[in-house]
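Work through these exercises with the model open beside you. Try each task before you read its solution.

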Amino acid sequence: MNENIKWFAGAVAVVGLSIGAVIYFSMKDEAAPPTKPPAAATPAPEPVPEEPAIKHPLPEAATQEPLPPLNESDVPMQNSLMDLIGKESVNRFLKPEELIRHMVVSIDNLPQQKVAERIRPVKPVPGKFEVGGSEEAPVLNPANYERYKPLVELIRSTDTHRLLATYSRYYPLFQDAYESLGHPPKYFNDRVVEVIDHLLTTPDVQDPIALAQPNVLYEFADPKIESLTAGQKALIRMGSENATAVKDKLRELRSELLAQKPRN
């Protein structure tokens with residue numbers, strides 16, 4: 001069982017994050033009402049697709065200072081995160097390269113089966129993955145849960161208003177990174193809310209959590225758990241108590257995100 005899941009909780013703590021089921025906005029073609037064309041009619045112009053509706057718009061950041069280009073945003077973003085969660089936490093938990101791009105891709109992929117390790121914005125969790133039980137009936141050792149508590153405490157204690165202010169300030173760059181993934185035109189903050197909603201549906205799995213080892217890596221023995229998405233399994237692997245704390249923060253973030261009103 002791949003235990004490099006700290007990226008998930010870090011994404012939650014750093015960007016405000018959020019997240020649900022994969023929903024693509026449809027691009028509707030509005031055709032003109034049928035008419036009788038003249039004998040030598042020219043072809044009708046192609047209908048212009050409608051822009052997808054934005055469900056959860058964010059207000060513009062209060063500051064009018066120009067943002068750097070996305071490819072030059074790592075240092076400014078790191079500095080803002082140091083102001084938010086402290087220099088020690090940034091150095092301890094985050095990978096410094098392509099922060100915004102990697103956060104966007106990781107968030108977008110959480111409702112999928114896998115998230116590529118190379119694009120995770122957070123450093124691997126320290127310590128060794130522990131298996132309990134017997135060789136015939138292995139279980140997830142609860143000692144693993146202690147490894148995530150420092151990060152979960154950071155998530156719990158991060159000021160939500162300041163977190164969202166940082167997110168809103170850099171939102172145009174998050175949107176740029178999201179559009180660069182090649183999706184149909186969509187609003188990244190809507191995706192964030194979708195993913196939050198998805199993560200909040202994660203079942204609360206109590207110990208002991210049975211494991212299986214069909215190959216080199218361990219996986220959940222229960223096929224219903226093993227078939228869950230990368231983000232949901234990450235929550236389960238950190239233990240029920242830690243997962244509850246993360247879900248509480250996600251609910252708080254979701255509530256704050258939905259309370260945001262765009263400025264006229």
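**Exercise 1.** Find which residues Asn189 is in contact with, leaving aside neighbours within four places in sequence.

*Solution.* This is a predicted model.
- Step 1: locate the residue. Asn189 sits in helix α8.
- Step 2: list its partners. Beyond the neighbours within four places, Asn189 is in contact with His56, Leu58, Tyr167, Tyr171 and Leu257.
- Step 3: The relative accessible area of Asn189 is 0%. The cut-off for buried is under 20%, so Asn189 is buried.
- Step 4: take one C-alpha distance. Asn189 and Gln175 are 14 residues apart along the chain, and their C-alpha atoms are separated by 8.1 Å.

**Exercise 2.** Which residue lies over the face of Tyr170?

*Solution.* Look for a charge above the ring. The residue is Arg169, at 5.8 Å from the ring centre of Tyr170. The cut-off for this distance is 6 Å.

**Exercise 3.** Describe how helix α2 and helix α4 pack.

*Solution.* 
- Step 1: mark the helices. Helix α2 covers residues 74–85, and helix α4 covers residues 99–109.
- Step 2: read the geometry. The axes of α2 and α4 are 8 Å apart, at an angle of about 75°. This makes α2 roughly perpendicular to α4.
- Step 3: name the residues that meet. From α2 come Asp74, Met77, Gln78 and Leu81. From α4 come Leu99, Ile100 and Met103.
- Step 4: sort them by class. The contact of α2 with α4 has five nonpolar residues, one polar and one charged.
- Step 5: zoom in on one residue. Gln78 is in helix α2. Its relative accessibility is 17%, so Gln78 counts as buried. Apart from residues up to four places away in sequence, Gln78 touches Val90, Pro96 and Leu99.

**Exercise 4.** How many residues of α4 are buried?

*Solution.* 
- Step 1: count. Nine of the eleven residues of α4 are buried, so this helix is mostly covered.
- Step 2: name some. Among them are His102, Val104, Val105, Ile107 and Asp108.
- Step 3: take one case. Ser106 lies in α4. At 0% relative accessibility, Ser106 counts as buried.
- Step 4: find a C-alpha distance. Ser106 and Ile119 are 13 residues apart in sequence and 6.8 Å apart in space, C-alpha to C-alpha.

**Exercise 5.** Gln112 is found in the loop between α4 and β1. Is Gln112 buried or partly exposed?

*Solution.* 
- Step 1: take the accessibility. Gln112 has 32%, so Gln112 counts as partly exposed.
- Step 2: compare sequence with space. Gln112 and Thr229 are 117 residues apart in sequence, yet their C-alpha atoms are 5.2 Å apart.

**Exercise 6.** Examine the backbone at Glu98 and at Pro208.

*Solution.* Most residues other than glycine have a negative phi, and most peptide bonds are trans.
- Step 1: check phi. Glu98 is not a glycine, but its phi is positive, about 50°. Glu98 lies in the loop between α3 and α4. With a relative accessible area of 41%, Glu98 is partly exposed.
- Step 2: check omega. Asp207 and Pro208 are joined by a cis peptide bond, with omega about -5°. Pro208 lies in the loop between α8 and β3.

**Exercise 7.** Summarise the whole protein: how many helices and strands are there?

*Solution.* 
- Step 1: count elements. There are eleven helices and four strands.
- Step 2: Of the 264 residues, 46% are buried.
- Step 3: look at contacts. Take those between residues at least 6 apart in sequence: 77% of them join residues at least 24 apart.

Terms used. Residues are numbered from 1 along each chain as its sequence is written. This is a predicted model: local features need pLDDT of at least 70, side-chain atom pairs count only at pLDDT 80 or more; totals for chains, interfaces and linings use all residues. Side-chain values use heavy atoms; hydrogens and water are left out. Axes are lines fitted to C-alpha atoms, for helices over the stretch in contact, and angles run from 0 to 180 degrees between N-to-C directions. Helices (H or I, at least four residues) and strands (E, at least two) are DSSP runs, numbered from the N terminus. Angles under 35 degrees count as roughly parallel, over 145 as roughly antiparallel, 65 to 115 as roughly perpendicular and the rest as oblique. Contact means heavy atoms within 4.5 Å. Ala, Val, Leu, Ile, Met, Phe, Trp, Tyr, Cys and Pro count as nonpolar, Asp, Glu, Lys and Arg as charged, and the others, Gly among them, as polar. A charge sits over a ring if NZ of Lys or CZ of Arg is within 6 Å of the ring centre and within 35 degrees of the ring normal. Buried means under 20% relative accessible area, exposed over 50%, partly exposed in between (1.4 Å probe, protein chains only).
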